[in-house]
Amino acid sequence: MNLKIFKSNFAGGAIVFITLLLVFSFSRVHQVADSNYSMLLSQSLLQHRSFTLEKYAITRLQPKQQIGYISNGDEYQLELINGHIYYFFPPGSSVLSLPYVALMNSFGISAASPDGSYSRQGEVIIEARLAALLMAGLSSVIFVTARLLLSFWWSLIIAYGSALGTQIWSTASRALWSDTWGIFILGLVLLVLVGVESKRYRLHPILLATLLSWLYFVRPTFCIPIFAITIYVWFYYRKAFIRYALTGAAWLAAFIAFAQYQYGQILPNYYYANRLRFATFWLALAGNLISPSRGLLVFVPILFFVAYLLIRYQNRLALPKLVVMSLGVVVVHLIIVSGFVPWYGGHSYGPRYTTGLVPWFSLLGILAVKSKLGPNEKDLVNDSNAVWRTDWTVGAILLLCSMTLNALGATAHRTWRWNSTPVNVDTAPERVWDWEHPQFAATD
């Protein structure tokens, strides 16, 4: 990479990061739900070197049987094991957040109050600021990934479109959902793969396996891309596979040893597949795709344009191996989350369960645009000027719709209150199918 391109990429990445950090930071809705107590776990690790939370003044409630674990009353984020209180959701995000939590502590902000009680306010502040930083960082990574194949301006369009027209804005930047750290890491993984496939980088199997291992530590659903990338490395980079596999095996062994020591079992409770039931699979699959309040294609309609480009220019796809792998991951992910209980994602905005696919959608967008533009971004592939203008006009309209829908989830509190009013979506999940009162059109 020559110095001019490096400076251009650095400037573009910085512009993307700063502008989107401002957008995410000033978006008003903060969705601290599943991630409640995650920063208290980070605080416990910093203060007490402990994964348990009973050093803090958390009221012991009547134990309640949940699917696969026992919660502290209705506080489903806390589980009880052998008399100890643990954060139920994956610990990876809390561990990765340690440096930022320590930084916040230096400014007097903590998820633990001076008297040892839980500070919900401190939790929300830390999560909101860190989530905004991570998603601004991911957007810069998407820009740099696009620059491996596209011009500066097309890369900017894809970076901003990915950030503002998807769940990055409406979900992952709103709180520290486990997908927030997950898609940031996945963005780095895809940057590596695109660099390798485009002959810009060399494959570093130890780095790749380490990134994928931490993907699993922050959310087990990411085992889907882990398997897909492992197959990819086996078929196309056989010489690097031994180092890749040994590194992954070492990380997995360490994780199992941690779980055995901490919980007395080979994996934390959240990692077991006991919430996969598939009893309402077809309903759930349809709901995850087209329901008015959880449908991926409803909230991210720009995907129609990406699919159109991939189909229309299938004979000249850029990096076809990555296209095939991306589509495979998307399909399997949709199958898995459609077997989950509850399939509609509880209190959230839009298609939360497909947030982990956003980096793959960004990659498909990059490859789709590259396929249309051609090798020199000037090859019209025998398209007339009218077709050329029509395509980009439709794409721009769909992107604007995607950005508007996701902006509502990030900035309009009424869309979050929709989960509770006029009736709790957990007790009336049929509400996600109500086209008369969809979440994005919620009113006060």
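This is a predicted model: local features need pLDDT of at least 70, side-chain atom pairs count only at pLDDT 80 or more; totals for chains, interfaces and linings use all residues.
Trainee: Let's start with helix H2. How many of its residues are buried?

Mentor: A general point before the case: an α-helix has 3.6 residues a turn, so residues three or four places apart point the same way. Now H2, which spans residues 38–48: eight of its eleven residues are buried, making the helix mostly covered. The buried set is Ser38, Met39, Leu40, Leu41, Ser42, Gln43, Ser44 and Leu45.

Trainee: On to charges. How many salt bridges does a search of the whole structure find?

Mentor: Five. In one of them, Asp34 meets Arg352 at 3.7 Å, N to O. Asp34 sits in the loop between H1 (3–26) and H2, while Arg352 is in the loop between H15 (320–337) and H16 (358–373), 318 residues apart. Both Asp34 and Arg352 are buried.

Trainee: Which parts does the pair Glu197 and Lys321 tie together?

Mentor: These side chains meet at 3.6 Å, N to O. Glu197 belongs to H8 (178–197) and Lys321 to H15, so the bridge joins parts 124 residues apart in sequence. For burial, the cut-off is under 20% relative accessible area. Glu197, at 11%, therefore counts as buried, whereas Lys321, at 30%, is partly exposed.

Trainee: What about Lys372 and Asp391: buried or exposed?

Mentor: Lys372 is buried at 0%, and Asp391 is buried at 7%. Their closest N and O atoms are 2.9 Å apart in a salt bridge.

Technical notes
Residues are numbered from 1 along each chain as its sequence is written. Side-chain values use heavy atoms; hydrogens and water are left out. Buried means under 20% relative accessible area, exposed over 50%, partly exposed in between (1.4 Å probe, protein chains only). Helices (H or I, at least four residues) and strands (E, at least two) are DSSP runs, numbered from the N terminus. A salt bridge is a side-chain nitrogen of Lys or Arg within 4 Å of a carboxyl oxygen of Asp or Glu.
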